[in-house]
Amino acid sequence: HSKMATVPLGFNIDTPRWDQGTFMGRLKHFLNITDPRTVLVPEEELDRAKALVEGCRAGLVPPGSSQEQLLYAKKLYDSAFHPDSGEKMNLIGRMSFQVPGGMAITGCMLQFYRTVPAVVFWQWVNQSFNAIVNYTNRNAASPISLRQIGVAYVTATGAALATAVGLNLYTKRAPPLLARWVPFAAVAAANCVNIPMMRQQEIINGITVTDGDNNELGCSRRAAVKGIAQVVVSRITMAAPGMIILPIIMERLEKFTFMQRIKVLHGPLQVLLCGGFLLFMVPAACALFPQRCSLALADLEVELRDSIVAKHGDKVPYVYFNKGL
């Protein structure tokens with residue numbers, strides 16, 4: 001066993017490199033974590049990164065480790081391991097897979113919106129992808145049973161299909177652009193169902209809230225509702241620009257003769273353009289709200305508020321919790 005060096009003074013691997021209190025700081029943080037290139041990193045390298053991060057937390061690193069190496073290991077660790085449990089996440093559910101996975105599916109939803117079977121198929125694929133992502137990024141402290149996952153998956157897929165097929169029939173006589181916006185409406189509707197259903201345990205039992213120093217204070221259902229609402233908003237925001245602006249671009253482009261000649265390439269083109277939007281939108285949407293969400297004491301359930309005041313007086317004006325992604 002080689003000798004281990006101690007971690008450089010004042011370096012804490014878990015302190016975010018950018019100020020998480022500002023949108024720009026969070027954007028840089030998530031640009032780093034959701035970097036799709038990390039999807040290509042081999043398993044052994046991820047495991048090495050995890051060992052390095054855990055060593056660093058314990059205060060020991062291999063001699064000659066530079067801060068660069070430690071920060072890169074942390075980037076890989078954050079992209080591939082669950083923040084609560086430290087388990088390796090499945091590839092499809094990682095935020096770093098959102099760009100390649102999302103661009104393929106969104107491009108196809110936007111391309112094949114004209115026939116009902118195509119709409120049904122692609123919305124189903126998208127909800128299956130979402131279910132995996134939501135399950136992978138759940139708050140690990142609130143376990144969810146397979147039955148609840150199944151129910152959430154079926155209801156979200158149902159909501160997406162009902163919206164998509166219903167609006168598709170409704171837009172037959174509407175301007176063509178409206179029909180192109182149907183996939184977005186379906187995705188937004190499904191997100192409003194999928195995420196709360198997937199994370200219903202948190203709404204039923206509450207999630208752990210802590211004070212500013214991470215001391216547990218109890219469980220709050222209102223905190224869970226706030227966290228989940230923010231996640232719904234950021235997921236819809238993630239999809240919005242691509243699914244709202246792209247159809248306008250395609251609508252314009254398809255009037256050109258050269259575009260009518262290359263119909264075969266419309267699908268791949270939409271997929272690439274979706275990728276362009278998502279590269280920026282995935283981190284931007286994740287950065288909308290701080291990962292460590294806060295709630296004023298006054299907004300908590302009465303019992304919890306009273307118990308906190310009884311124990312800590314007015315020393316705890318806000319409680320904090322991880323809102324999940």
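Predicted model: local features only at pLDDT ≥ 70, side-chain atom pairs only at ≥ 80, totals over all residues.

The angle between H1 and H11 is about 125°, and their axes are 8 Å apart. An angle of that size makes H1 oblique to H11. The crossing here is right-handed. If you want to find the contact on your screen, look at Phe-23, Leu-27, Phe-30 and Leu-31 from H1, which meet Leu-279, Phe-280, Pro-283, Ala-284 and Cys-286 from H11. By class, that contact comes out as 9 nonpolar residues, with no polar and no charged ones.

Next pair, please. Helix H6, residues 146–170, packs on helix H7, residues 176–198, at an angle of about 160°, with the axes 8 Å apart. Because the cut-off for roughly antiparallel is over 145 degrees, that makes H6 roughly antiparallel to H7. H6 and H7 also cross in a right-handed way.

On the H6 side the contact includes Ala-152, Ala-156, Ala-159, Ala-160 and Ala-164, along with Ile-149, Thr-155 and Leu-167. Across from them, H7 brings residues including Ala-185, Ala-186, Ala-189 and Ala-190, plus Val-193, Asn-194 and Met-197. The class count for the contact of H6 with H7 is 16 nonpolar, 4 polar and no charged residues.

While we're here, find Gly-166, which is in helix H6. Gly-166 is partly exposed, at 35% relative accessible area. Its C-alpha atom is 9.6 Å from that of Ala-186, 20 residues apart along the chain.

Now a residue from another helix. Gln-127 is in helix H5, residues 116–136. Is Gln-127 buried or exposed? Buried, with a relative accessible area of 0%. Leaving out residues up to four places away in sequence, Gln-127 touches Tyr-153, Ala-156, Thr-157, Ala-160, Ala-190 and Asn-194.

On to the cysteines. How many disulfides does the structure hold? The count is 0. For Cys-192, the nearest cysteine sulfur is that of Cys-286, 17 Å away. Cys-192 is partly exposed, with 44% relative accessible area. Cys-274 is in no disulfide either, and the nearest cysteine sulfur to it, from Cys-108, is 8.9 Å away. Cys-274 counts as buried, at 2% relative accessibility.

Last stop, a loop. Asn-214 is in the loop between strand E3, at 207–210, and strand E4, at 216–220. Asn-214 counts as exposed, at 54% relative accessibility.

That's my tour, so over to you.

How values were computed:
Residues numbered from 1 in each chain as written. Heavy atoms only, no water. Axes fitted to C-alpha atoms, helices over the stretch in contact; angles between N-to-C directions. Helix = DSSP H or I, 4+ residues; strand = E, 2+ residues; numbered from the N terminus. Parallel < 35°, antiparallel > 145°, perpendicular 65-115°, else oblique. Left-handed = near helix turned anticlockwise from the far one by under 90°. Contact = heavy atoms within 4.5 Å. Nonpolar A, V, L, I, M, F, W, Y, C, P; charged D, E, K, R; others polar. Disulfide = S-S within 2.5 Å. Buried < 20%, exposed > 50% of the residue type's maximum accessible area, 1.4 Å probe, protein only.
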